[in-house]
Amino acid sequence: MKNFPFLSVAQAMLLLRVAIAVMFMAHAITRIANGTIPRFAGFLEDKGFIYGLAVVWAITVVEIVCGSLLIVGKYTRWAAAGLMVICIGGIAIVHAAKGWFVGEHGAGGVEYSIVLFVACVVIAASDKGRAGARLA
């Protein structure tokens, strides 16, 4: 177990960046491919948002652009921050009303979004371009 998990910190951060990027991008690409953007826009408009379609497209573009930036390792602090905004919005608008658990004990709660948010915090904190940031 001495060498477990057999990855360096840098390799683990790369894995985390790519995995988180794929999670966000999967939501955006699926939204486009399945044609559910208008349905999501209607949901937001029912919650009181104006220009729901524009908001959903903005969310979708942020997920794709920021995910792509994470994958290539550019502007990771900014990309992570953009995705953190998506997480906070999702928690406040969609998931908080559904409780904590996503599955088994609930349906659509906040736990998954909080994990994504914390992962984005870790990614942003590990950005070597940030003054004082160091991988331990």
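This is a predicted model: local features need pLDDT of at least 70, side-chain atom pairs count only at pLDDT 80 or more; totals for chains, interfaces and linings use all residues.
## Overall fold

The secondary structure of the protein chain comes to five helices and zero strands. Along the sequence, the pattern reads α-α-α-α-α. A box of roughly 50 × 35 × 30 Å, taken along the principal axes, is filled by the C-alpha atoms of the chain. The chain has 136 residues, and 29% of them count as buried.

## A nonpolar patch on the surface

Val 65, the residue of the opening question, lies in helix α3. On the surface, Val 65 forms a nonpolar patch with Ile 32, Leu 53, Trp 57 and Val 61. Together these residues have about 430 Å² of accessible area. Helix α3 covers residues 52-72 and gives the patch its largest share, four residues.

## The nonpolar core

The largest nonpolar core has 19 residues. Which of them touch the most other members? They are Ile 20, Phe 24, Leu 70, Leu 83, Cys 120 and Ile 123. At least two residues of this core come from each of the helices α1 (9-33), α3, α4 (76-95) and α5 (111-125). Helix α4 supplies the largest share, six residues.

## Cysteines

How many disulfides does the structure have? The count comes to zero. Cys 66 is in no disulfide, and the nearest cysteine sulfur, that of Cys 120, is 8.9 Å away. Cys 66 is buried, with a relative accessible area of 10%.

Cys 120 is in no disulfide either. For Cys 120, the nearest cysteine sulfur is that of Cys 87, at 5.2 Å. Cys 120 counts as buried, with 0% relative accessibility. Cys 120 is also one of the core residues that touch the most other members.

## Salt bridges

Side chains of opposite charge can pair when their charged atoms come close. The structure holds two salt bridges.

| Salt bridge | Closest N and O atoms |
|---|---|
| Arg 31 and Glu 63 | 2.8 Å |
| Arg 77 and Asp 127 | 3.4 Å |

Which parts of the chain does the pair of Arg 31 and Glu 63 tie together? Arg 31 lies in helix α1 and Glu 63 in helix α3, so the pair ties together parts that are 32 residues apart in sequence. Arg 31 counts as buried at 10% relative accessibility, and Glu 63 counts as buried at 4%.

The salt bridge of Arg 77 with Asp 127 links distant parts of the chain, 50 residues apart. Arg 77 is in helix α4, and Asp 127 is in the segment after α5. Is Arg 77 buried, partly exposed or exposed? Arg 77 is partly exposed, with a relative accessible area of 30%, whereas Asp 127 counts as buried at 15% relative accessibility.

## Aromatic pairs

The structure holds two aromatic pairs. One of them is formed by Phe 4 and Phe 6 and is edge-to-face. The ring centres of Phe 4 and Phe 6 are 5.9 Å apart, and the angle between the planes is 85 degrees. Phe 4 is exposed, with a relative accessible area of 51%, and Phe 6 is exposed, with 62%.

Why does the pair of Phe 40 and Phe 43 count as tilted? The planes of the two rings are at 35 degrees, so the pair is tilted, because an angle under 30 degrees would count as stacked and one over 60 as edge-to-face. The ring centres of Phe 40 and Phe 43 are 6.5 Å apart. Both residues lie in helix α2 (residues 37-46), three residues apart, which is about one turn of the helix. Phe 40 is partly exposed, with a relative accessible area of 21%, and Phe 43 counts as partly exposed at 30% relative accessibility.

Key. Residues are numbered from 1 along each chain as its sequence is written. Side-chain values use heavy atoms; hydrogens and water are left out. A disulfide is a pair of cysteine sulfur atoms within 2.5 Å. Buried means under 20% relative accessible area, exposed over 50%, partly exposed in between (1.4 Å probe, protein chains only). Rings of Phe, Tyr and Trp (its six-membered ring) pair if their centres lie within 6.5 Å; planes under 30 degrees apart count as stacked, over 60 as edge-to-face and the rest as tilted. Patches are made of residues with over 30% relative accessible area and no salt bridge: like charges are joined within 9 Å, nonpolar side chains (Val, Leu, Ile, Met, Phe, Trp, Tyr) within 5 Å. Accessible areas come from the Shrake-Rupley method with a 1.4 Å probe; for residues, only the protein chains shown count as cover. A salt bridge is a side-chain nitrogen of Lys or Arg within 4 Å of a carboxyl oxygen of Asp or Glu. A nonpolar core is a set of buried Ala, Val, Leu, Ile, Met, Phe, Trp, Tyr and Cys residues joined through side-chain atoms within 4.5 Å.
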